[in-house]
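Hi,

Here is the structure I said I would pass on. Have a look at it first, and then read on for what turned up.

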Amino acid sequence: MSAKYVFVTGGVVSSLGKGIISSSLAKLLQSRNLRVTIQKFDPYLNVDPGTLNPYEHGECFVTEDGAETDLDLGHYERFLNIYTSRANNVTTGKIYRTVIDKERQGAYLGKTVQIIPHITDEIKRRMLLLGKSGQYDVIITEIGGTVGDIESLPFIEAMRQLQWELPDEDCLVIHLTLVPYLSAAKELKSKPTQHSVKLLQQDGVQPDILICRTEHKLSMELRKKLALFCNVRPNAVIESIDADTIYKVPLMMRDEKLDEIVLEKFGLNDTPEPDLEGWKAFLDRLAHPEANITVALVGKYVELQDAYKSILEAFIHAGAANRCKVKVVPIHSEYLTEDNVEEKLAGMDGILIAPGFGERGLEGKIKAVRYAREKGVPFFGICLGMQMAVVEFARNVLGLKDAMSTEVEANTANPVIDLMADQKTTTVKGGTMRLGAYKCQIEEGSLAYRIYGKPLISERHRHRYELNNDYVARLNEAGMRTSGRNPETGLVEIVEIPEHPFFIGVQFHPEYKSTPENPQPIFVAFVKAALEYNKSRQK
């Protein structure tokens with residue numbers, strides 16, 4: 001069977017949830033024993049989001065092979081429970097860099113390099129790349145941005161060409177749009193969707209399926225109106241009503257028969273019925289918690305929820321695994337002081353110190369670590385959070401009052417966190433950090449070993465700085481155990497305090513690998529510890 005291609009575009013407004021719809025369709029097709037993957041084409045000129053501030057673009061998700069990608073790839077992995085790679089995220093920056101490099105090498109034989117055909121040919125090549133690998137039956141391609149955006153035009157044009165070049169039964173276009181409700185008129189309005197589809201049609205693309213984001217149910221009359229004016233079949237106008245959790249969307253799309261419409265177009269009507277029992281079991285645990293806990297997420301980008309997307313999702317997975325509802329309270333580390341830290345953190349069942357870069361908010365993170373350490377509150381530090389746990393311990397237990405990371409104080413007398421050796425000669429910022437999956441050897445008898453249940457693990461990284469091994473012996477003697485190390489470099493990956501009820505910091509990013517059907521072990525253990533701490537406080 002030749003690979004089938006689904007293209008997902010968005011219209012009217014951004015942030016409608018193309019990634020969730022793409023992931024939900026992929027989940028439904030995968031549950032029918034089809035091999036499915038999803039790729040994201042982003043129209044910005046950055047080569048990747050690695051150098052973007054989280055306020056600009058939300059979380060930067062890191063794949064197993066070390067690609068810094070759009071946060072939607074996190075959704076893809078969480079829904080499909082399989083890894084993505086650098087091939088699954090393409091930006092305008094990557095496209096143009098490839099074409100310009102070819103031009104410099106003389107690949108175009110004196111031709112004038114143009115948007116059409118050179119840029120669109122490169123876009124098409126990448127759109128078809130995963131399909132040609134033979135590993136997948138269906139490739140879902142999400143086009144970033146909104147129809148009508150100038151920067152999206154080359155992607156829409158490439159999609160138009162593929163819609164013409166591929167056999168009709170191998171290509172399908174889904175357009176996600178908004179059907180707003182006007183409370184004054186007390187009705188849903190179809191005009192924005194009609195205009196959005198007309199924009200797409202002006203670019204030569206006719207959608208096969210309309211998915212309508214809405215706060216209210218779509219009447220059959222409205223569906224027929226949209227079908228008539230947007231030139232799609234009435235059964236291909238699909239309602240995507242707001243849900244209390246994104247993980248319900250696959251079941252909602254199943255009720256709307258989205259997968260059946262897609263399979264009919266592709267001529268794949270003989271696939272088995274979807275097996276979603278594992279997914280439904282997760283949703284059942286999620287919907288029926290037996291306890292509630294409150295966890296503080298101490299970070300510097302808390303105003304934007306998407307900045308810590310994978311962490312928040314990992315708490316949902318771990319909460320369901322513990323039959324527990326986790327309320328995550330964002331606390332801005334920049335505004336944590338000696339005077340208010342107890343007031344802000346009192347009543348928390350656990351404290352997570354989030355990753356990040358730069359000086360802003362570091363002292364607040366250090367104060368939060370000290371509070372958790374001294375009060376016996378379950379503690380979990382990720383990347384920079386782990387580093388600040390080391391700084392706090394060095395300052396307040398070892399007595400090294402000027403202990404700091406050289407990221408902030410290059411000439412500190414006690415650089416307990418220092419730049420990795422292979423980073424000291426790096427001048428290019430983009431894509432040069434320690435990225436992707438690396439192995440970690442865990443000491444038997446440690447908290448980390450009890451959590452993972454095995455001596456060797458693999459987790460994903462995104463950092464330049466590390467725990468300075470010159471201080472490891474002193475930290476261990478004072479009660480901070482370095483329980484996990486990279487077996488090849490000796491880099492410390494995990495620290496913990498055995499005398500504390502639950503205190504662990506990790507240099508890697510465990511949140512990237514958490515999924516509903518395989519919740520991340522540290523998050524599961526942290527939530528369990530927070531639950532036990534909550535119960536102990538109720539006595």
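Val6 sits across from Leu172, a residue of strand S7. Keep in mind that this is a predicted model.

S7 itself spans residues 171-178 and is mostly covered, with 7 of its 8 residues buried.

Next, helix H3. How many of the residues of H3 are buried? The count is 9 of the 9, so this helix, residues 72-80, is largely enclosed by the rest of the structure. Among the buried ones are Asp72, His75, Glu77 and Arg78, along with Leu73, Tyr76 and Phe79.

One more spot to check is Glu256. You'll find Glu256 in the loop between helix H9 (249-255) and helix H10 (258-266). Is Glu256 buried or exposed? Its relative accessible area is 19%, and buried means under 20%, so Glu256 counts as buried. Its side chain makes a polar contact with the side chain of Arg223, at 3.0 Å. Setting aside neighbours within four places in sequence, Glu256 is in contact with Arg223, Val237, Ile238, Glu239 and Ile261.

Cheers

Definitions and conventions: Residues numbered from 1 in each chain as written. Predicted model: local features only at pLDDT ≥ 70, side-chain atom pairs only at ≥ 80, totals over all residues. Heavy atoms only, no water. Buried < 20%, exposed > 50% of the residue type's maximum accessible area, 1.4 Å probe, protein only. Helix = DSSP H or I, 4+ residues; strand = E, 2+ residues; numbered from the N terminus. Pairing = 2+ DSSP bridges. Polar contact = N/O pair within 3.5 Å; in protein donor to acceptor, adjacent residues only side chain to side chain. Contact = heavy atoms within 4.5 Å.
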